Structure formats: C-alpha cells, structure tokens
Amino acid sequence: MVDYDAIFRHAVGALKQEGRYRYFADLKRMRGKYPRAILRGADGEREVTIWCSNDYLGMGQHPKVIAAMHEALDETGAGSGGTRNISGTTRYHVELERELADLHQKDGALLFNSGYMANEATLSTLARLMPGCIILSDELNHASMIEGIKHGRSEKQIFRHNDLDDLERRLAQLHPDRPKIVAFESVYSMDGDIAPIAEICALAKRYGALTYLDEVHAVGLYGPRGGGIAERDGVLDQVDIIEGTLAKAFGLMGGYITASDVLIDAIRCHAPGFIFTTSLAPVLAAGAVASIRHLKISQDERARQQRQAARLKQMLGERGLPVMASPSHIVPLLVGDPVSCKLISDRLLDEFSIYVQPINYPTVPRGTERLRLTPGPLHSDADLAFLVDALDGLWQQLSLDRAA
C-alpha cells in the first residue's frame, strides 16, 4: 500500500531542511493605522509594522475606497451570484471595465478574479486561438505567465532578460506569417528593474508580433494617471495587450486585461478561466472603481511613495547594507542564503516588531535570497530610521556579507 502521508511529509520536510518552508503570519490590518497590523501568535497579540505589503499606496485603507465598498454592500449584498454570463455581471463590473479601458487608453477591458488568472487564462487562450503561435517570453516573467504559456501548448522561446539583441535574433528567425506574441513585464517585482517597453514594442512591430505587457507592479504607481510604465513612457498606443491587477497599488483584489474590442471579445468568449468562474464580488469592484478614479487625479500618494523608496535606498546604502540597485519602488536587500534570510526575518519580527517575509527559491534564483522591502507613503521617516537601525544591527551581529 502507498503511504501517501509519508510522501507529503517528505515533500514538506525537504523544504524545511533547505530553509524554504513558508510560514504564514496571522495578521489583522488596523484601519486608519496602516502600515500597522495586529499579529496573533502563541504568546498573544501585538502590534507590528508591515514592510512587505503589495498594497503599495495604502489604498486598501483609503476613505473613498471604504465608503464606496460600504455603499455597494448596502445596495447589493455580499456576492455576485454567478459567473459573468449567468447573473454575475453588475453595473459595478461594467463601470470598472470602462475605467480600466480608459486608464490604459484601450477599446475594452476584461475583469478576472486575480492577476494570476488574467495571465494564465489570456496567454493560454491566445495560443489556442492562433494555430502555429509562438510566444517569446522574458526569462524573468512571473509564474502566472509561464503557466499560461505552458497551458496554451504553443511553441515558446525564452529570451534573455530585457535583452533586445537576443529578442531580435529570435524574432528574425521566425517566418513573417507565423503568429507571434512577445510577453514581458514592465516592473519586475523581485529585482525592481524596468523593461525597455518602447524598444521591445518597436521590435515586435517590425517582425509582426503582438505585445503582451504585464504591468501589475506599475499600475497606479507610474504615469500621470497611474496607467503604469507604458503611460509614463508615452507608449500606451504601442502595446497590444496590457495586463494589470487591482490587488497592489489599487488596494483590492482582482486582475484584468485591456486591449482592442475584438481581442477582448475573443478572450471573453473562449477563456475557461473567465467563463467558468464566479465573478468578483460587487463590493470589490466598487472599491476598485473608487481607487482608480482617485489615483487618476491624485499625485500625492505616488509622490510620497517614491520619496520614501528613494530615501530608504539611500539610508541602506549609507550603512553599507547590500541594497540591490533598482530604478523602481522595489527595495531588495540581498542576503544570499535561505537560512540567514529566514533568521533575519524572524529576528526583525521577534525583537523589533518589523514584519518582512524572506524571499527564497523558486521565487528568486538560489543564492540570491533577499528581503523585499516595499516602503509606502504611510511609512514615516521615523519608521525608515528604525528599520535601517534594526537591519544594520543584525548584519553586524550575524557577520553577514554587505556586498550587493
């Protein structure tokens, strides 16, 4: 007889031995006090400061967002009641898709329940709709994009990260009449580097390829209206498909794509990940509408976040801590092995009430384990100083390498 439990124990045990086991913190965010939260553990409850949230601008706490959600909850109740096709499309979903299409200056938009689902469903469906399709994928693309490409069962090629020469070499070898998609991200979330969007789009157009841009770590954060790096760089019209999320800068949950009307309709009609899933709760859609509308006109949150990110990088560098160079709001601090990374994370929490999760393989390559810090507009200068002092002290106590 097969000992199934033994198989599962071995799989989990291997992760623990490598220092890659994932522990979940039991957190309760405190309305009006973000980035503070209550951590519940064996010793009771205590207040901690969150330094690794993807609620980059604190919009999950914004009064406009909360008010819109209260109104929608009172008007409609909790859930959507079905898939988009079967009673699950409400005026909140329609309004949200209009706002998203406008944000990215596209004909249409399509909502999904997560950014992961948007990538997986769209890329796999595009591949199935275009016989002979080949997808050229940046080597650092997110797992959701990789899964979408895999499930589409089309041919794929992986080009070197942000390497225009490698991409062009591969495109030039393909038949001009063959369907092609170049899939890449704008801000890469673990290193914080940014893709040369204009140059990639120019190459794709020259060789007859569609462009698929994941802007999940940029929407709301860059551009005069929060339309992402493509808006910041003035190239929205050059990108064919833009995928984004509601779960990071906008502070809610959900994912989406924006593109031409005909492409949106094709995905809407053919993507199982869209067709067979209960739609987002109206209360979430209502909150997202409020968040997007606010960030289209407000520069304050973006400006304060960029200031705090730049300030934290400077402070870490002044202490000789191994902050990895990044042109974005992401602040990666290199540790280099999973055991030390977990140890630092644990001591920050236990001794300083600072919560930041270790980032280990397979999220990043082995040997590049790190702390991924996400300073936001609601982190004070005193918060930054306290964090840097704590990190500097731990690096000294543990005699860790300070070379990034």
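**Stop 1: two helices crossing**

Select helix H2 (residues 63-76) and helix H11 (residues 282-297) and look at how they cross: the crossing is right-handed.

Before moving on, a word about what is on your screen. This is a predicted model, in which local features need pLDDT of at least 70 and side-chain atom pairs count only at pLDDT 80 or more, while totals for chains, interfaces and linings use all residues. Residues are numbered from 1 along each chain as its sequence is written, and side-chain values use heavy atoms, leaving out hydrogens and water. Helices (H or I, at least four residues) and strands (E, at least two) are DSSP runs, numbered from the N terminus.

Now show the side chains where H2 and H11 meet. On the H2 side, pick residues including Lys-64, Ala-68, Met-69 and Leu-73; on the H11 side, their counterparts include Pro-282, Leu-284, Ala-290 and His-294. Contact means heavy atoms within 4.5 Å. The residues of this H2 and H11 contact divide into ten nonpolar, four polar and one charged. Nonpolar covers Ala, Val, Leu, Ile, Met, Phe, Trp, Tyr, Cys and Pro; charged covers Asp, Glu, Lys and Arg; the others, Gly among them, are polar.

**Stop 2: another helix pair**

Next, select helix H4 (residues 115-129) and helix H9 (residues 261-270). They pack at about 100°, with axes 10 Å apart, and are therefore roughly perpendicular to each other. Highlight Thr-122, Thr-125, Leu-126 and Leu-129 of H4, which make the contact with Leu-263, Ala-266, Ile-267 and His-270 of H9. This contact of H4 with H9 has five nonpolar residues, three polar and no charged.

**Stop 3: a sheet of four strands**

Switch to strands. Four of them form an open sheet in the order E1-E2-E3-E12, with mixed pairing. Strand E1 (26-29) and strand E12 (354-355) stand at the edges, each with a single partner strand, so one side of each has no neighbour in the sheet. Two strands count as a pair if DSSP finds at least two bridges between them.

Zoom in on E1 and strand E2 (residues 36-41): they run antiparallel and are joined by four bridges. Find Leu-27 and you will see Leu-39 of E2 opposite. Then go to the loop between E1 and E2, where Pro-35 sits. The peptide bond joining Tyr-34 and Pro-35 is cis, with omega about 15°.

**Stop 4**

Which way do its side chains point? Arg-370 and Arg-372 point one way from E14, Leu-371 and Leu-373 the other way, and all are buried. Buried means under 20% relative accessible area, exposed over 50%, and partly exposed in between (1.4 Å probe, protein chains only). Leu-371 has a relative accessible area of 0%. Not counting residues up to four places away in sequence, Leu-371 touches several others, among them Val-331, Cys-341, Ile-344 and Leu-391.

Val-331 stands opposite Leu-373. Strand E13 (358-359) also runs antiparallel to E14, joined by two bridges, and Ile-359 has Arg-370 as its bridge partner. Follow the loop between E13 and E14 to Pro-362. The peptide bond from Tyr-361 to Pro-362 is cis, with omega near 10°.

**Stop 5**

Pick Gln-305 in helix H12 (residues 300-318). Is Gln-305 buried or exposed? At 0% relative accessibility, Gln-305 counts as buried. Its contacts beyond four places in sequence include Tyr-56, Leu-221, His-329 and Pro-377.

Finish with Ser-87, in the loop between H2 and helix H3 (91-103). Ser-87 is exposed, with a relative accessible area of 54%, and its phi is near 75°, a positive value in a residue other than glycine. Ser-399, in the segment after helix H14 (381-398), is exposed at 65%, and its phi is near 50°, also positive.

Methods: Left-handed = near helix turned anticlockwise from the far one by under 90°. Axes fitted to C-alpha atoms, helices over the stretch in contact; angles between N-to-C directions. Parallel < 35°, antiparallel > 145°, perpendicular 65-115°, else oblique.
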